[in-house]
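Please read them with the structure open.

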Amino acid sequence: PFRTSSTVIPDFVRSVDNGTFDPFFLYILVLMGSSYSSTYPDIANYQRNQDTLNSTYRDRLVQALFVGENREDINALVPADDPLLIYNADQMEWGRRLAMNPEDDPCNTTFIVGFNDWLCPAFRENDLTKS
């Protein structure tokens with residue numbers, strides 16, 4: 001994704017919080033969250049306990065994607081009244097701060113060991129702004 005930490009996450013948060021997020025695309029939230037789950041061996045935060053997905057939802061959502069459930073079934077796994085519950089609460093608080101106070105490189109200015117020191121490199125490795 002393009003500008004994962006500085007644009008994608010804050011835009012998701014902003015659109016859900018202000019009621020403009022289209023529920024048809026709930027599965028996109030799942031795809032984004034699972035892409036940066038610490039369960040994938042090819043990303044920097046693998047087995048580092050820094051997940052974008054809430055542990056309550058993580059295993060079921062990742063499994064749904066892995067077995068190829070359809071969009072409607074994946075959307076049904078996400079709480080429609082508060083879809084951001086599928087995300088780690090601390091990461092969502094970070095996303096809300098970024099939505100209110102946008103930054104060009106939040107992983108640089110809010111880099112915190114034990115919070116996003118492994119997650120930020122995962123974002124950077126997959127950010128299309130870097131070559």
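This is a predicted model: local features need pLDDT of at least 70, side-chain atom pairs count only at pLDDT 80 or more; totals for chains, interfaces and linings use all residues.

Which residues have the most contacts inside the largest nonpolar core?

1. The residues with the most contacts inside the largest nonpolar core are F12, L29, M32, I86, Y87, W94 and F123. That core has 32 residues. Helices α1 (4-17), α2, α3, α5 and α7 (119-126) each supply at least two of its residues, and α1 gives the most, with five. In soluble globular proteins, nonpolar side chains tend to be buried together.

2. On the overall fold: the protein has seven helices and zero strands, so the pattern read along the sequence is α-α-α-α-α-α-α. Of its 131 residues, 43% are buried. Among contacts between residues at least 6 apart in sequence, 60% join residues at least 24 apart. The accessible surface comes to about 7200 Å², and carbon and sulfur atoms account for 52% of that surface.

3. The pairing of α2 with α3 deserves a look. Two packed helices are described by the angle between their axes and the distance between the axes. Here the axes of α2 and α3 come within 10 Å and cross at roughly 105°. Angles of 65 to 115 degrees count as roughly perpendicular, which means that α2 is roughly perpendicular to α3. On the α2 side the contact is made by V30, L31 and S34, and on the α3 side by L61, V62 and L65. By class, this contact has five nonpolar residues, one polar residue and no charged residues.

4. Is S34 buried or exposed? S34, in helix α2 (residues 26-35), has a relative accessible area of 3%, so this serine is buried, the cut-off being under 20%. Leaving aside neighbours within four places in sequence, S34 is in contact with Y40, L53, V62 and L65. Two of these contacts, V62 and L65, are on the α3 side of the helix pair.

5. G33 is also placed in helix α2. G33 is buried, with a relative accessible area of 0%. Not counting residues up to four places away in sequence, G33 touches T52, L53 and Y87.

6. N49 sits in the loop between α2 and α3 (55-67). Phi of N49 is near 60°, a positive value in a residue other than glycine. Most residues other than glycine have a negative phi, so this is a place to check the backbone. N49 is exposed, with a relative accessible area of 68%.

7. P83 is in the loop between α4 (71-76) and α5 (89-100). Beyond residues up to four places away in sequence, P83 touches V16, L26, L29 and V78. The C-alpha atoms of P83 and V30, 53 residues apart along the chain, are separated by 9.5 Å.

8. I86 is one of the residues with the most contacts inside the core. Not counting residues up to four places away in sequence, I86 touches L29, V30, T52, L53, N54, Y57, L61, V78 and P79. Of these, V30 and L61 also take part in the contact between α2 and α3.

Conventions
Residues are numbered from 1 along each chain as its sequence is written. Side-chain values use heavy atoms; hydrogens and water are left out. Helices (H or I, at least four residues) and strands (E, at least two) are DSSP runs, numbered from the N terminus. Buried means under 20% relative accessible area, exposed over 50%, partly exposed in between (1.4 Å probe, protein chains only). Contact means heavy atoms within 4.5 Å. A nonpolar core is a set of buried Ala, Val, Leu, Ile, Met, Phe, Trp, Tyr and Cys residues joined through side-chain atoms within 4.5 Å. Accessible areas come from the Shrake-Rupley method with a 1.4 Å probe; for residues, only the protein chains shown count as cover. Axes are lines fitted to C-alpha atoms, for helices over the stretch in contact, and angles run from 0 to 180 degrees between N-to-C directions. Angles under 35 degrees count as roughly parallel, over 145 as roughly antiparallel, 65 to 115 as roughly perpendicular and the rest as oblique. Ala, Val, Leu, Ile, Met, Phe, Trp, Tyr, Cys and Pro count as nonpolar, Asp, Glu, Lys and Arg as charged, and the others, Gly among them, as polar.
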